[in-house]
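Please look at the sequence and the 3D model below. A short report on selected features comes after it.

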Amino acid sequence: MSNVQRRALLATTALATVLTTVLASAPAASAAVKPAIEISGGVTQPVFSYEDAIREHVRVQSPADSDGDGDKDLVRVDIIRPKESGSGLKVPVIMHESPYYDQPGAGFELDHKTYDAAGNVTKFPLFYDNYFVPRGYAFVSVDMAGTRLSDGCPTTGGASDVLGGKAVIDWLNGRAIAYDDNGNPVEATWTTGRTGMIGHSYEGSLAIGVAGTGVRGLETIVPLAAPSSWYDMWRANGTLTDFKGGQEWLAKMVDEDPDEKCAAVHQRMNEGSDDDTGNYNAYWHERDYRTGPISNVRDVRASVFPVVGTHDRNVMADQFSQWWSKLPRRVERKVWVTQYGHLDPFWARRDVWVSTLHQWFDHELMGVSNNIMRQPRADVQLGPDRWITQADWPAPTRTTTLRPQQDGSLGRRPSTGTGSYLDTLRTEAAMAGNPGTASPDRLAFLTPPLKEATRLSGTPSVSLRLKLDKPTANLGVLLVDYGTDTRIHGVDPAGGQGLKLVDGKDCIGKGTADDDGCYRRAADNTVTSGFQVVTRGILDAQNHRSLSRPAPLTPGKLYEITWKMLPQDYEFKAGHRLGLILTGTNDDLTDAEPGTGTKVTVDLAGTSVSLPLVVGASSGR
């Protein structure tokens, strides 16, 4: 072989080697490009098919046996995820656990699940699947234990409610077992395990409860108008704030099984809740996610993004504020504080809410580097279409103490004298109306017209020096804004919780013929009124020292009683007057008919209200 031929052969061999190496390392022409999450502008993009998504279901074994049948509850989990997650793409999870899929339905439009012949969901309630699955998330819809297709009995915030949801998080992270319809074990090999829970009311309470177990893999929760203590759902400082038997009623409402199945559970709930006294006990401690044995705020690892309506009379604002203030410092957080009632912000500020939620989940579950954590922590609504942002909640304030005067005014200096009223059942409108007119069942005190706008941000407290002519009374106090204005109609549930439906729909994300992701539009529902009750506080006087151990008062003896009112963030406009109403049983909040009839005598010199105020600071960034 000549040198020329040898060099040509070596060159050909080298070229063949290079080509072989390149071809071996390159994807085959017929192979699909490896799927990947696409990010642009700091958010994930809708590059995955919603219509072609994988739909499946499993039943996760809970550690609880809530119905006492000897078998651990199996919790139904309905899943929709990008089809690419079946071929190598691992995706995070947005989880919506709900007791409402049977009754009354989930969300503002009371959606229900629909299923195909294989038992997989073809329509998921709410928009989370439509919006987030095309962006590379799995959406997991969980029937709370005892509801829909899950085993067990609802326990209205009890341990089994929480542990069922925790078991699903554990399964997504390889620590619990799930089964298909044939009883075969199923693993969640398609997920990163990073999970965020979201839900409204009871659903949001489940998220708070699961987070308080400290379960690993739950990275964030978004509780909307959610209870953090079920005692405070039905009680306020020893008074019964809703009807007797409410715990059992709610458990029955969300469970379509025959009553006989869970009769023993219902009996234990009625005995444990102790509606006759209103006292805090071991039953309520189990359902306390701030300090309880199953779920405790100090164990929260997940970041939190709660939303609270300060005029919510179902889940009152202290459910948020007491939990928020106890969160460990390490917990990342964001909050919306609104003037609405019991609402999901999807219906109140839809475009901003969806955009903010998108950034939040991308940051917390996908690890996307966006500016959500560099934004002010708190969005606060001060009125119709009036939102501000601030570094945290509550705003920096100074405490201002106001004292009732003998002439009916409310001022800074201590006064002398006494006033008295009878503890009778009155509505807030009757208590606060016509404050200049004397009434046998209230005392009313007003400031002069305010010289400048004055904003309350946080939790007021009231101190009373009083004596009773009976062993107890329901003590009530109202803080009122007197001045004609157009306000959010969130204080009256008949006012749509502050919203009204308007013409048109918004379609959120992608859809199918079975699940279009389209929802009615809503707008602020306002009312022009001469006054508004801003916040309130009620207390069973015999519980003023302890919610667990009542101590009836000695008639005729003076007592100093101090307690917190409900938190609020509210602006009193210049020219308005701030009013303090001392009264008895609040018909808008309690089930204590007809009031105790006790005569309450108040020593004005020892009576005051302490307000966290930001004077002249209504604006924000």
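The report covers confidence, a helix pair, a sheet, the disulfides and some backbone details.

**Confidence**

This is a predicted model, in which local features need pLDDT of at least 70, side-chain atom pairs count only at pLDDT 80 or more, and totals for chains, interfaces and linings use all residues. Residues are numbered from 1 along each chain as its sequence is written, and side-chain values use heavy atoms, with hydrogens and water left out. The pLDDT is the predictor's confidence in each residue, from 0 to 100. The chain averages 91 on this scale. At least 70 is reached by 92% of the residues. Residues 1-31 have a pLDDT below 50. Beyond near neighbours in sequence, this stretch has two contacts in the model. A contact means heavy atoms within 4.5 Å. Where pLDDT is low, predicted coordinates should not be read in detail.

**A helix pair**

Helices (H or I, at least four residues) and strands (E, at least two) are DSSP runs, numbered from the N terminus. Helix 6 spans residues 246-253, and helix 7 spans residues 263-273. Their axes come within 8 Å and cross at roughly 150°. Axes are lines fitted to C-alpha atoms, for helices over the stretch in contact, and angles run from 0 to 180 degrees between N-to-C directions. The crossing makes helix 6 roughly antiparallel to helix 7. Angles over 145 degrees count as roughly antiparallel, under 35 as roughly parallel, 65 to 115 as roughly perpendicular and the rest as oblique.

Which residues of helix 6 and helix 7 make the contact? Helix 6 supplies Q247, E248, A251 and K252. Helix 7 supplies H266, M269, N270 and S273. The contact residues divide into two nonpolar, four polar and two charged. Here Ala, Val, Leu, Ile, Met, Phe, Trp, Tyr, Cys and Pro count as nonpolar, Asp, Glu, Lys and Arg as charged, and the others, Gly among them, as polar.

Strand 24 pairs with strand 33 (residues 577-583) over five bridges, in the antiparallel sense. Two strands pair if DSSP finds at least two bridges between them. L446 has G579 of strand 33 as its bridge partner.

A disulfide is a pair of cysteine sulfur atoms within 2.5 Å. One of them joins C153 to C262, with S to S at 2.0 Å. This link is left-handed, with -95° about the S-S bond. C153 lies in the loop between strand 8 (138-143) and helix 3 (159-172). C262 lies in the loop between helix 6 and helix 7. The two cysteines are 109 residues apart.

C507 lies in strand 28 (residues 499-507). C507 and C262 are 245 residues apart in sequence and 40 Å apart in space, C-alpha to C-alpha. Not counting residues up to four places away in sequence, C507 touches D516, G517 and C518.

**Backbone details**

Most residues other than glycine have a negative phi, and most peptide bonds are trans.

| Peptide bond | Form | Omega |
|---|---|---|
| Q103 to P104 | cis | near 0° |
| W393 to P394 | cis | near -5° |

P104 is in the loop between strand 5 (91-98) and strand 6 (114-115). P394 is in the loop between strand 19 (386-390) and strand 20 (398-404). S201 has a positive phi, near 65°.
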